[in-house]
Amino acid sequence: ELYAHSTNPEVATGDGIAAAIRAGADVADLEFFQFHPTVLEGKADAAGLVVGDSFLVSEAVRGEGATLVDEHGRRFAFDAHPDGELAPRDVVARAIARQMEAQQGRPVFLDATHIHSEDADERAAFLARRFPTIDRAVRERGLDWAREPIPVTPAAHYLMGGVRTDLFGRTTLPGLYAVGEVARTGVHGANRLASNSLLEGAVFGARAGDVIAEDAASGSWPVLPTPARTAGRGADTADAPAFSRPALQELLWDDGGLVRDEAGLRHAASVISTWRAQQRTPVTEHDFEDENLLLVAEHLVAAALARRESVGAHFRSDAGAVAGE
């Protein structure tokens, strides 16, 4: 929940990564944050305010033939890539973000009204059968995607970085293991593919379980070597709005999100530095979560500043586009 638009639950507040940082474990690749292109916002309440979780609309819908259109009905994804809506996630997400910016923030639309059948009732039955969970989420939001395009936005989805481990979950701290989405194993590179999350739990969970007892019995607790460190960039404190979780999420969305540059990242770093300097000792669970989010945000922005080139999900507009885009 570092970003204003996110597929992650509210309880995902970076606690594991923050705890590892405070303990002195190495983290890596925090700049590689994947944004899913097509997400439905939470449901609107009676006052029109968005409530509830955002909902991811799978690439499978676009694979079935749904298209992305702007507010005038034009397919715009081909402006960014010859594969259009079926280009890699990061390319499509940035194409949507650019189009939304051109529309003063108004959403783009996912149009499934032309797939399977020209008859809307038949199409509705097909969508409900083919995508039952998505169909239910769409209809819970009062939308009929068999008859009208539905509004979508990119949203923060998956962090390829995290606590640095070897291929058995060992970290740089003796006795500390990390598996799951808190870990940075390196297998996802800079731009995770879809549907390979089984690696995190089933594969690396099992591998870590296999070696923990053996490592403990050895009496030496093998650890991952710590790489040579480069000098970090300090951040000056600056005037900043009052801290709140939504303010942090908007800051990262604007300055550390899909498209980044030196000026925006330095602004984000200075505001986060100010907020951290103003922090009081946490008392409530919410306070601890805010502290963890700020700590992870600080390290994410520092990593994004340090990597000047565009690689995978990390895109620097002041460093040129990635190859093929």
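Predicted model: local features only at pLDDT ≥ 70, side-chain atom pairs only at ≥ 80, totals over all residues.

A: Pro222 is in contact with Arg170 and Asp215, leaving aside its neighbours within four places in sequence. This residue sits in the loop between α6 (198–218) and α7 (245–255). Its relative accessibility is 31%, so Pro222 counts as partly exposed.

The mean pLDDT of the protein is 89, and 90% of its residues reach 70 or more. Confidence is highest in strand β6 (residues 67–69), with a mean of 98, and lowest in strand β4 (residues 50–51), with a mean of 42. The pLDDT stays under 50 over residues 44–51, and the model gives this stretch 10 contacts beyond four places in sequence. Residues 321–325 also have a pLDDT below 50; beyond near neighbours in sequence, that stretch has 13 contacts in the model.

Other loops hold residues with a particular backbone angle. Most residues other than glycine have a negative phi. Gln104 is not a glycine, yet its phi is positive, about 55°. Gln104 lies in the loop between α3 (89–102) and β7 (108–111). With a relative accessible area of 61%, which is over 50%, Gln104 is exposed. His116 is not a glycine either, and its phi is also positive, at about 75°. His116 is placed in the loop between β7 and α4.

Side chains of opposite charge can pair when their charged atoms come close. Arg139 forms a salt bridge with Asp135, with the closest N and O atoms 3.2 Å apart. Both lie in helix α5 (residues 132–140), four residues apart, which is about one turn of the helix. Their exposure can be compared with the 20% cut-off for buried residues. At 35% relative accessibility Arg139 counts as partly exposed, while at 8% Asp135 counts as buried. Arg139 also meets Asp144 in a salt bridge, at 3.4 Å from N to O. Asp144 has a relative accessibility of 18% and so counts as buried. Salt bridges with shared partners join Asp121, Asp135, Arg139, Asp144 and Arg147 into one network.

The whole structure has 25 salt bridges. One of them pairs Arg184 with Asp29, with the closest N and O atoms 2.8 Å apart. Arg184 is in strand β10 (residues 183–184) and Asp29 is in the loop between β1 (27–28) and β2 (33–40), so this pair ties together parts that are 155 residues apart in sequence. Asp29 counts as buried because its relative accessibility is 16%.

Helix α1 (residues 15–23) packs against α9 at an angle of about 70°, with the axes 9 Å apart. The two helices are therefore roughly perpendicular to each other. Asp15, Ile17, Ala18, Ile21 and Arg22 in α1 meet Glu289, Glu291, Asn292, Leu295, Val296 and His299 in α9.

The last stop is Arg316, in the segment after α9 (285–306). At 1% relative accessibility, Arg316 counts as buried. A polar atom of its side chain lies 3.4 Å from the backbone oxygen of Arg307. Not counting residues up to four places away in sequence, Arg316 touches a number of residues, among them Arg260, Asp261, Glu262 and Leu265. Its contacts also include Ala304, Leu305, Arg307, Arg308, Glu309 and Ser310.

Definitions and conventions:
Residues numbered from 1 in each chain as written. Heavy atoms only, no water. Buried < 20%, exposed > 50% of the residue type's maximum accessible area, 1.4 Å probe, protein only. Polar contact = N/O pair within 3.5 Å; in protein donor to acceptor, adjacent residues only side chain to side chain. Contact = heavy atoms within 4.5 Å. pLDDT = per-residue confidence, 0-100. Salt bridge = Lys/Arg side-chain N within 4 Å of Asp/Glu carboxyl O. Axes fitted to C-alpha atoms, helices over the stretch in contact; angles between N-to-C directions. Parallel < 35°, antiparallel > 145°, perpendicular 65-115°, else oblique.
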